[in-house]
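Please keep the sequence and structure at hand while reading.

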Amino acid sequence: MALLACCLYLLLIVLVGYTLLSVIHPSSRMTIVQLIGLGPAVGAGTMGLLLFWASLMGFAPSRNVLAIIAVLTLASLLVMEKKNRLARVKVRATDWEKGDGWMVVPLVVTVAGLVMIVVVALSSPLMEWDAFAIWGFKAKVLAHEALRLTPAYFHDLTLSYSHLDYPLMVPFLTAGAYAAMGTVDDQTGKLVSVFLDVLLVPMVYLGLRWKLRRLPAACLSAILAMLPVMFRYGGVGCADLPLAMFYAGSILYVARWIDRQQWQDLILAILFSAFAAFTKNEGTVLALMNGVVILGFGLGCGPRHARVGAAAFFAGLLAMDAAWLIWNRGLPRTHEDYGLKLLSSLATHLPELKHIIPAMMLQTAEFHTWGLMWIMAGMMVLLGWRAFARPYVLALWILLGLHLMSYALVYCVTPWNLTTLMSMTIDRLLLHTIPAVIFLAGWHWAEVGTSPRHAGSGGSNDVTAQPAAAAH
Amino acid sequence: MSRVRRPSSSLNSGKLETILNQLIPADGRSFRYAAWGVVLLVLVHLCWLQLRPESELHQICAVATQSTARRAAMMQHEQFDRIAGQAGDGNVLLKLAGYAKTNPAVENSLGYFYFRTSYALYPRRVYAAPADQVINNGRDIMRIGFSPGPQWLQEHDVRSVLIFGNDTAGGETPRLEILPPRDGQAGMQTNKSGGN
């Protein structure tokens with residue numbers, strides 16, 4: 001019964017996402033992967049924020065709150081259906097290209113990997129330290145009390161180990177599952193965690209399909225699904241893979257905005273950046289980097305466009321995360337206050353970089369964690385060097401560089417023992433960069449063997465949702 | 001004299017003209033084969049990595065199935081959760097005894113015990129320090145050495161004590177002691193349960 005309730009909750013998340021996508025891309029055509037990847041990702045982020053806002057108003061996650069969200073979602077779907085504005089799923093045999101039949105191989109590998117992650121996740125309760133001490137604990141608190149009168153937990157320094165100021169996306173989504181089930185069952189509740197984790201694969205596939213044909217995109221997605229680090233962190237109940245998943249969406253749509261300047265892409269870039277910022281503190285920094293890159297590259301399209309796009313991005317980001325930023329401001333920051341430490345003592349700790357950077361580089365050569373993925377990415381960059389001519393590829397390189405630099409600087413000022421901390425966290429932090437690395441591998445691959453004039457133009461179909469009218 | 005031809009804005013839309021893509025010819029087909037070769041090699045290598053007995057996949061499968069590894073991994077969780085379940089209503093005091101008060105070797109297991117029981121018991125509380133003391137790890141709990149009086153226990157609705165470490169009674173870590181119902185007397189000795 002609990003499992004059924006949890007599945008219904010996930011279905012609601014999918015419906016919320018589908019509704020939002022239909023609002024953003026009215027009357028558009030969606031691929032199946034957009035339906036099972038992009039829609040649920042948007043739905044999950046939206047549900048997390050909705051539950052947070054409701055909790056701020058005094059309503060802890062409950063079946064009533066979920067029922068209201070469900071009714072509003074269904075009503076919106078009905079209205080859009082009447083106005084013929086719903087996104088439609090596109091499945092046409094004519095879209096298939098030569099060689100796509102081989103897709104069954106990477107597809108089987110991907111599904112096998114993901115099924116294994118799901119089965120293992122659901123066969124045990126929360127066991128990872130961070131999973132129960134940080135994320136699971138917060139989920140219990142949020143399921144139990146609304147945020148309107150800040151629960152005592154958030155000011156209890158004896159629970160400082162659970163990082164009182166960490167963002168609440170994953171805890172709220174888990175608390176929503178507890179509300180749906182009517183009980184705190186962390187083993188069944190892991191379904192939410194594993195749902196968020198495996199969404200990374202279709203999100204990355206979508207980004208790859210933007211520039212690659214189906215088969216190479218599926219092969220790179222299979223590589224992601226089979227990474228040992230995915231098995232290590234998939235379904236354990238931590239927020240690292242959800243952050244990577246939302247970050248994948250944000251950088252994909254930042255890149256698309258830079259390439260095409262379509263407002264739908266900017267809206268999705270804002271949504272995913274806001275979701276990432278509400279998932280982990282790293283996400284806030286990554287969201288700001290997205291905005292800076294949008295501004296920087298926008299300047300190349302004319303100052304007005306840059307100003308409007310960047311202003312819209314920052315305004316949207318602030319509007320969505322303002323409540324969190326304001327509410328979170330009063331929480332105690334004990335032990336780890338990286339923002340303050342970076343501002344106050346970075347200069348004195350910079351020499352640590354000579355240990356940190358080599359350690360990060362060595363980690364990429366850990367075959368038992370990453371396989372040969374980093375080497376493959378390097379090879380693709382060399383073979384597809386022409387992709388450097390693409391602004392969106394350059395933008396992603398800059399984002400990846402900033403991302404890695406920010407983590408290196410955080411390591412510089414950490415209050416923990418650096419050697420111990422790096423050995424415990426470096427694979428998890430590099431996991432956040434995986435979407436950018438695989439996108440770069442794929443987008444460089446798209447330029448392999450192309451002539452200079454046609455570089456990148458013949459690689460694949462675009463999976464952008466197209467207006468139905470334009471398709472005929 | 002003809003003017004130098006500059007790329008038009010439409011030509012440049014979507015990509016930058018660089019010195020690289022003007023000058024270097026390439027055999028496209030061999031590059032494409034090379035790219036495919038690299039990707040397939042990586043995919044096969046990853047599959048092979050997961051098929052090895054010591055792979056992440058095998059390890060988590062061992063934990064997920066009814067194996068010795070699973071029992072070992074689950075035993076500690078189940079033990080701590082069971083102790084927390086026996087605490088009944090009311091809050092719990094975490095008390096260190098014997099070597100656990102000073103031995104740095106137990107910092108890690110003490111921290112784990114506190115984190116796990118705090119999680120399992122919520123919304124009831126495990127008190128290991130006054131609310132204004134920061135606890136980030138087991139060392140903090142040992143440093144604080146919290147030992148409140150009966151009045152404090154009563155005010156905070158503490159009805160049982162979790163003892164971590166050995167004591168004069170020869171008990172081993174961890175175990176639970178239920179406090180007697182309060183009738184004006186302080187004390188913490190009756191039912192002993194949990195632990196091993």
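## The model

The structure is a predicted model. Every value in this report is computed from it.

## A pair of packed helices

Two packed helices are described by the angle between their axes and the distance between the axes. In chain A, helix H8 spans residues 200–209 and helix H9 spans residues 214–226. The two pack at an angle of about 150°, and their axes are 9 Å apart. H8(A) is therefore roughly antiparallel to H9(A), because angles over 145 degrees count as roughly antiparallel. The crossing in which H8(A) passes H9(A) is right-handed.

Which residues of H8(A) meet H9(A)? On the H8(A) side they are Leu200(A), Val201(A), Val204(A), Tyr205(A), Leu208(A) and Arg209(A). Their partners in H9(A) are Arg214(A), Ala217(A), Ala218(A), Leu220(A), Ser221(A), Leu224(A) and Ala225(A). Sorted by class, this contact of H8(A) with H9(A) has ten nonpolar residues, one polar residue and two charged residues.

Side chains of opposite charge can pair when their charged atoms come close. Over all chains, the count comes to 16 salt bridges.

One of them joins the side chains of Arg88(A) and Glu81(A), with an N to O distance of 3.6 Å. Arg88(A) has a relative accessible area of 36%, so Arg88(A) is partly exposed. Glu81(A), with a relative accessible area of 38%, is partly exposed.

Another salt bridge joins the side chains of Glu282(A) and Lys280(A), at 3.5 Å from N to O. Are these two residues buried or exposed? Glu282(A) is buried, and Lys280(A) is buried too. Both residues also belong to a network of salt bridges, which links them with Asp130(A), Asp240(A) and Arg428(A).

## A salt bridge within a helix of chain B

In chain B, the side chains of Asp140(B) and Arg143(B) form a salt bridge with an N to O distance of 3.3 Å. Where do these residues lie? They are in helix H6 of chain B, which covers residues 138–144. Asp140(B) and Arg143(B) are separated by about one helical turn, because they are three residues apart in this helix.

Asp140(B) has a relative accessibility of 11%, so Asp140(B) counts as buried; the cut-off for buried is under 20%. Arg143(B), in turn, is exposed, with a relative accessible area of 54%.

Conventions:
Residues numbered from 1 in each chain as written. Chains lettered and ligands numbered in written order. Predicted model: local features only at pLDDT ≥ 70, side-chain atom pairs only at ≥ 80, totals over all residues. Heavy atoms only, no water. Axes fitted to C-alpha atoms, helices over the stretch in contact; angles between N-to-C directions. Helix = DSSP H or I, 4+ residues; strand = E, 2+ residues; numbered from the N terminus. Parallel < 35°, antiparallel > 145°, perpendicular 65-115°, else oblique. Left-handed = near helix turned anticlockwise from the far one by under 90°. Contact = heavy atoms within 4.5 Å. Nonpolar A, V, L, I, M, F, W, Y, C, P; charged D, E, K, R; others polar. Salt bridge = Lys/Arg side-chain N within 4 Å of Asp/Glu carboxyl O. Buried < 20%, exposed > 50% of the residue type's maximum accessible area, 1.4 Å probe, protein only.
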